[in-house]
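This report describes selected features of the structure shown below. Please keep the sequence and the model in view while reading.

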Amino acid sequence: MIGYFQEIFTGLWSLFVGMSISFKEFFSPVVTVEYPYETVTMAPRFRGHIDLVPDENGATKCVLCMACERACPSGCITIEGEKKEGEKKKTLTLYQLDFTRCSLCGCCVEACNFEAIDFSKEYNLASTRKEDFYFDLLKRLQEKRQ
Amino acid sequence: MNFSLTLFNVVVAVIIIVAFVAMNAAYLVWAERRGAGRIQRRPGPNINGPFGLFQPPLDGLKLMAKQLLVPGGADKVLFAAAPVLAMFPAITSFVTIPFSDTLVAHNINVGLLCVFAFAALGSMSILFAGWSSHNKYAMMAAVRAISQSVAYEIPMLITVITVVMISGSLDLREIVRQQSGNIFHWNIFPLLGNSHNLLMPFSFLIFFICSLAETNRAPFDLSEEESVLVAGYHIEYGSMGFGLFFMGEYANIVVGTSLATLLFLGGWACPFGLFPGVWWFLIKVYALIATIIWIRWTFPRSTIYSLLNLSWKILIPLSLVNLLLTAGLLKVF
Ligand code: SF4
Ligand code: SF4
């Protein structure tokens, strides 16, 4: 009999404890971000798709060693370059990333000895067409420069 | 009596009551969503209009734009009747619920009985919806709703009897008149005032728990348990059929809290004995509704077994003991 009333009492008490907690939460500030109107800054270690890193002049640091293309386990990276008249080195003409197959493993970033590529902070990626995910990274770099 | 004048009065009363119930139902949804948001530390609907106040009418428009579908194998008459029946008891209950000493559509001297008679129809709408939908989840929900309604109607009515014994009347206006004055005269206050009221806070607690269960509110909303019954009794309803069920839930909450206010919290009496009037009634009703919303977003849903155990093993015995002790108090003092 005592146990019966004790159970009722402790049960009821726990309800009031719960209600006091949600009462406190009610008056605490909002913690969510109203996404399309506000955005959070991405964490430094966030891995978006890879992107070419510009040097001081905004040009690419890539020297076309092809280490990244070889390192990529999924074969996402296609690099093309040509030797221009009067220049010693090749210049980059195409750096294409097939993001549909990329697993964001980071092997390409690790393989590059010239710090020419890094993860971007891009996360707003949505499309109904597969073609939208073949990124021309060189073009992105040039657009960024302008 | 002049017939056309009576007719005019009836039409005006009906319009006011329907508008009151519908506005309350619509804006309590908003209040609920904002309150839920705050408790979960997020803003809640705040895009449409200032503080998201245009959300309920826009939701209504969206629901009305949807097609009304009747599932194959459904009982068409009952299927159509169920959502109407969800709103109907709340609206008819307000005919006899007094808002103040003078503001009542039609006072009858068994008003309390009348409200309970109509409120019992509420579970019929769930039964009809579940039965007619030709859907096993809806059927299970209907079965749950009826067993829940049977279980909680008993302790609720027994506790209401304690109030009726003390005030000696079924007339809601008379019950409130006896509590007029400051907070010490209200039925819920056990000391200083009426010595018969010694167990009234306890009665209020039982009544409040039962009214939560009777209106199918969390943590007792077993008949719309998404995780088990998909959506429960309104699974086959779309468009305004669903809208009416949704509004009916809130309208019933307004009826339940109005009754709690009239029976225990002194109705339109002011806590300090100043300016009694309809505003005090509304303040108390909305304070109780806020508590109900607060409860919903604090506790998880219980299970059907613990729900029935709570009623049959705890609330019914306790309310019977409460009834006996109150009868004893009435005899002794
Ligand atoms: S992150 Fe991995 S999969 Fe993606 S391009 Fe680089 S190496 Fe390939
Ligand atoms: S590893 Fe670096 S430098 Fe070499 S091709 Fe790739 S991006 Fe260019």
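Around ligand 2, counting residues with a heavy atom within 4 Å of it, stand Cys62(A), Val63(A), Leu64(A), Cys65(A), Met66(A), Ala67(A), Cys68(A), Ile79(A), Tyr95(A), Cys112(A), Phe114(A) and Ala116(A). This shell holds twelve nonpolar residues, no polar and no charged ones. Here Ala, Val, Leu, Ile, Met, Phe, Trp, Tyr, Cys and Pro count as nonpolar, Asp, Glu, Lys and Arg as charged, and the others, Gly among them, as polar.

The model is predicted: local features need pLDDT of at least 70, side-chain atom pairs count only at pLDDT 80 or more, and totals for chains, interfaces and linings use all residues. Residues are numbered from 1 along each chain as its sequence is written, chains are lettered from A and ligands numbered from 1 in the order in which they are written, and side-chain values use heavy atoms, with hydrogens and water left out.

One residue of the ligand 2 shell, Leu64(A), lies in the loop between strand E1 (50–52) and helix H2 (67–71) of chain A. Helices (H or I, at least four residues) and strands (E, at least two) are DSSP runs, numbered from the N terminus. Leu64(A) is buried, as its relative accessible area is 12%; buried means under 20%, exposed over 50%, and partly exposed in between (1.4 Å probe, protein chains only).

Most residues other than glycine have a negative phi. Two exceptions are tabulated here.

| Residue | Phi | Loop between |
|---|---|---|
| Leu64(A) | positive, about 60° | strand E1 (50–52) and helix H2 (67–71) of chain A |
| Arg41(B) | positive, about 60° | helix H1 (3–39) and helix H2 (55–64) of chain B |

Chain B has twelve helices and zero strands. Its C-alpha trace spans about 65 × 50 × 45 Å along the principal axes. Of the 333 residues in chain B, 50% are buried. Among contacts (heavy atoms within 4.5 Å) in chain B with a separation of 6 or more, 75% join residues 24 or more positions apart.

Arg217(B) belongs to the loop between helix H8 (200–214) and helix H9 (226–229) of chain B. Arg217(B) counts as buried because its relative accessibility is 0%. Leaving out residues up to four places away in sequence, Arg217(B) touches Glu32(B), Leu212(B), Glu249(B), Tyr250(B), Ile253(B), Ile292(B), Ile293(B) and Arg296(B).
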